[in-house]
Amino acid sequence: MEFVVFGEDWGRHPSSSQHIISQLIHAYPVTWINSIGLRQPSLNYRDIMRIKEKVFAKFNAVKHHTPSAVNTTENHQQADRQPTQIIQPLVWPLAQHAWLKILNKLSLQWQLPKKRYQRVIWTALPSAIDLLSICDSDLVIYYCGDDFSALAGVDHQATAAAEQRLMLRADLVFACSPMLQAKLQQLNPQNPVILLPHGVSLSQFATPQSAPANINLKRTSIGFYGSIDQWLDQQLLRELAIKRPLINFYLLGPINTDISALTDLNNIHLLPAQPHEQLARYLQHWDMAILPFKNTPQIQACNPLKLREYLAAGCPTISSDFPATQPYRSAIKTATTTEQWLQAIDHYSHWGRIERNHYQTQTRQLIAAETWQVRAKEVTDRISHQLKHKVS
């Protein structure tokens with residue numbers, strides 16, 4: 001069996017697809033196709049630079065790696081895993097004209113390796129539907145990790161149409177949250193949608209690490225990592241920081257929205273994004289971690305990877321109230337008002353080492369069966385069953 005994957009760009013902050021495929025790389029050949037996009041480019045600076053980056057990457061490097069013997073040790077770092085081949089596709093995102101679609105197919109077909117085994121297509125992008133006909137697949141999997149109808153920076157109409165067609169084509173469909181599962185099931189009631197929640201690299205976040213130099217260990221600290229984007233509740237963060245001026249708030253990640261509401265407060269610290277393997281250093285030394293999200297359709301459908309990572313690190317967690325938090329209510333505090341947020345912050349602020357150690361034991365037991373190894377095993381079991389069913 002071999003995999004051809006349509007995902008985000010390999011090596012960027014890893015998505016759930018990258019985590020799952022990373023567990024399979026040592027057992028199966030994997031061709032990873034970097035992002036083919038979910039909206040048509042326009043003539044603005046950001047898109048022009050993105051096109052330049054794609055073209056440069058295509059002609060600068062096509063990475064190859066010979067897979068080693070199967071090794072499923074969970075604490076392998078992401079950097080130690082590489083697909084057999086990474087393709088920098090020269091395709092026009094969400095092409096609407098017939099001639100552009102033909103050019104896209106010819107371009108990618110030239111780059112695809114020759115098929116050697118039963119080929120499984122794994123796509124996390126609905127836009128891959130127009131390229132499946134050249135992939136010579138034995139099985140097509142659609143893995144849905146986002147509500148694309150609510151996701152910023154996406155051509156919603158074209159993506160929705162592509163997703164509808166993909167739902168009719170896919171042999172297996174996985175969704176990361178019950179809300180996405182229900183939504184996809186309506187698109188094709190005859191094809192069961194399988195719930196596949198996100199996992200976690202448990203040992204990566206549980207193994208003790210030294211504190212980073214850019215946090216102050218002498219003051220109570222609250223942290224968040226991820227994109228600083230429009231779904232982050234900046235007004236809430238501002239109120240919390242004003243009302244708890246002796247607590248440092250750390251926001252770690254790329255800034256993709258206006259943050260002027262936060263920049264005038266001395267106890268809010270904006271830190272640059274860090275490699276995934278460095279995040280545990282922050283979590284293990286913050287006094288608490290937060291998910292301060294607005295109540296939007298995108299958040300209602302999301303299943304954030306960082307929630308399980310917070311728990312794996314044993315970092316006391318406070319979150320906005322959304323469905324993905326439900327299985328973890330015994331270990332986290334959810335809040336819907338500023339006063340509830342402040343009460344939760346004050347509760348964790350008084351914890352000592354004994355309470356923290358007890359919390360770490362509780363949270364790691366709670367997510368012990370939710371590692372990426374477990375998720376990958378669920379995937380391969382489903383694939384094996386489906387391939388046998390197709391043959392028979």
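The model looked at here is predicted, so to speak for local features a pLDDT of at least 70 is needed, side-chain atom pairs count only at pLDDT 80 or more, and totals for chains, interfaces and linings use all residues. Residues are numbered from 1 along each chain as its sequence is written, and side-chain values use heavy atoms, with hydrogens and water left out.

Two helix pairs come up first. Helices here are DSSP runs (H or I, at least four residues; strands are E, at least two), numbered from the N terminus. Axes are lines fitted to C-alpha atoms, for helices over the stretch in contact, with angles running from 0 to 180 degrees between N-to-C directions. Helix α4 (residues 156–169) packs on helix α5 (residues 178–187) at about 75 degrees, the axes being 9 Å apart. α4 and α5 are therefore roughly perpendicular to each other. On the α4 side, Glu-163, Gln-164 and Met-167 meet Lys-183, Leu-184 and Leu-187 of α5, where contact means heavy atoms within 4.5 Å. Sorted by class, that makes three nonpolar, one polar and two charged residues; Ala, Val, Leu, Ile, Met, Phe, Trp, Tyr, Cys and Pro count as nonpolar, Asp, Glu, Lys and Arg as charged, and the others, Gly among them, as polar.

The other pair is α7 (residues 234–243) with α11 (residues 338–349), at an angle of about 50 degrees and with axes 10 Å apart. That makes α7 oblique to α11. Leu-236, Glu-239, Leu-240 and Lys-243 of α7 touch Thr-338, Trp-341, Leu-342 and Ile-345 of α11. This contact has five nonpolar, one polar and two charged residues.

On a 1 Å grid over the protein atoms alone, a cavity is a set of points where a 1.4 Å probe fits but cannot get out, while a pocket is an open set with protein on both sides within 12 Å along at least five of seven lines; lining residues have an atom within 4 Å of a point. Of its 15 lining residues, His-285, Trp-286, Asp-287, Arg-353 and Arg-356 lie nearest its centre.

Conventions:
Parallel < 35°, antiparallel > 145°, perpendicular 65-115°, else oblique.
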